[in-house]
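Dear colleague,

Please find below the sequence and structure that I am handing over to you.

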Amino acid sequence: MYDIGLPSGRTLFQLIAERIRKVTSLCNALTLPLYIMTSPANHQMTLDYFTANNFFELGVDNVFLFQQGMLPCLTEEGKIIMETASRVSMAPDGNGGLYTSLQSSGAVANMRARGIEFLHVFSIDNALVKPADPVFVGYCIQQQADCGNKVVWKADPYEKVGVVALHNGKSRIVEYSEMTDEVASQMDDTGKLIYGAGNICNHFYTLDFVQDVILPNMGALYHIARKKIPFWNGRETVTPSDINGVKLETFIFDVFPLSKRMIVWEVERNEEFAPVKNAAGALSDSPDTARAMISNVAKDWLRKAGANLIGDEAAISEISPAISYAGEGLDEYQDKAISMPFVL
């Protein structure tokens, strides 16, 4: 739904849907269903948006919306906190709640009924994400992986992203907050960061791994987050000035150590990672930086196809996902002069 200001007006959801349609065509697939985890706050809004846009021609039966789970907030003693006299204080169960929500919503059963064996999971806020990436997914399948993680190398030692590391022979994510500056800045003999495989929330799973391994082990994966939680004092709802309770949450990457054969796949940041986490005007991870990265990718594709680009290099250009998913299908522009900005 979020418009990052592209010349076409495409939103993040529209970019994903159109890329799915394109890769479905390229792979001669009949369908490629899209499953979207929403929150209770935005579920109806998301459904209304897809309905108003005719599900971007994916087909109403090929877009499955399901809600993230909620868990009660607790005191340090383990008692449930009341938000009002009649309502329990609830909080989202974290992005790791994806797994239980897939099960409880019927999404897993829907996948089984469709004959789906493999999942590509990614966050909505990456404007350059390649849904169902045939290279990443194909390699994971070829290597018989049960789990895969697509990464980009960190821009600098202090970039606020978690990194993939081995712990007792198992892959896991180490959050940037868990690393000292000394560890984060360690480099190998070539000057490359040792802990540089940045996690971008872009994962592969077999459905068997989700159903047979992850779900039975979810109970052991919850984290405690101590927070200031509004509570009912018998007369009114009070917002405390100090931490007074805990929320339980899970992280999507907590399941990595459960994998028996995990693949870590590094990609180029400027080709596949344009996060939109900050407001417009921010120096990084904003609609402005994502828009510029999409434009740079479009120009790079045309140059590789042999086009001669002229005009304003700084202007925002764009290539529709209907024309190209990953730079293919642009041979007709070889030796042609293309004025920037362009929208193809």
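Predicted model: local features only at pLDDT ≥ 70, side-chain atom pairs only at ≥ 80, totals over all residues.

Helix H5

Helix H5 spans residues 134-142, and its buried residues are Phe136, Val137 and Cys140. These three lie on the same side of H5, because the arc they cover around the axis is only 90°. In general, an α-helix has 3.6 residues a turn, so residues three or four places apart point the same way. Val135 and Gln142, on the other side of H5, are exposed.

What do the buried residues of H5 pack against? Their partners are four strands: E5 (118-122), E6 (147-153), E9 (197-206) and E14 (262-266).

Both ends of the helix deserve a look. At the start of H5, the backbone nitrogen of Val135 has a side-chain oxygen of Asp133 within 3.0 Å. Just after H5, Gln144 adopts a positive phi of about 55°.

Glu159

Glu159 is found in the loop between E6 and strand E7 (163-167). Is Glu159 buried or exposed? Its relative accessible area is 15%, and it therefore counts as buried, the cut-off being under 20%.

Which residues does Glu159 touch, leaving aside its neighbours within four places in sequence? They are Lys154, Tyr176 and Arg269. With Arg269, the contact is a polar one between the two side chains, at 2.8 Å. By contrast, Gln103 is 56 residues from Glu159 along the chain, and the C-alpha atoms of the two are separated by 34 Å.

Aromatic side chains

There are 13 aromatic pairs in the structure. One of them joins Tyr49 and Phe50 in an edge-to-face arrangement, with 6.0 Å from centre to centre and 90° between the planes. Phe50 also pairs with Phe56: the ring centres are 5.6 Å apart and the planes stand at 90°, so this pair is edge-to-face. Tyr49 and Phe50 are both buried, and Phe56 is buried as well.

Two lysines lie over aromatic faces. Lys192 is placed over the face of Trp153, at 4.2 Å from the ring centre. Lys336 is placed over the face of Tyr333, at 6.0 Å from the ring centre.

Yours sincerely

Technical notes. Residues numbered from 1 in each chain as written. Heavy atoms only, no water. Buried < 20%, exposed > 50% of the residue type's maximum accessible area, 1.4 Å probe, protein only. Helix = DSSP H or I, 4+ residues; strand = E, 2+ residues; numbered from the N terminus. Arc of directions from axis to C-beta. Contact = heavy atoms within 4.5 Å. Polar contact = N/O pair within 3.5 Å; in protein donor to acceptor, adjacent residues only side chain to side chain. Phe/Tyr/Trp six-rings, centres within 6.5 Å; stacked < 30°, edge-to-face > 60°. Lys NZ or Arg CZ within 6 Å of the ring centre and 35° of its normal.
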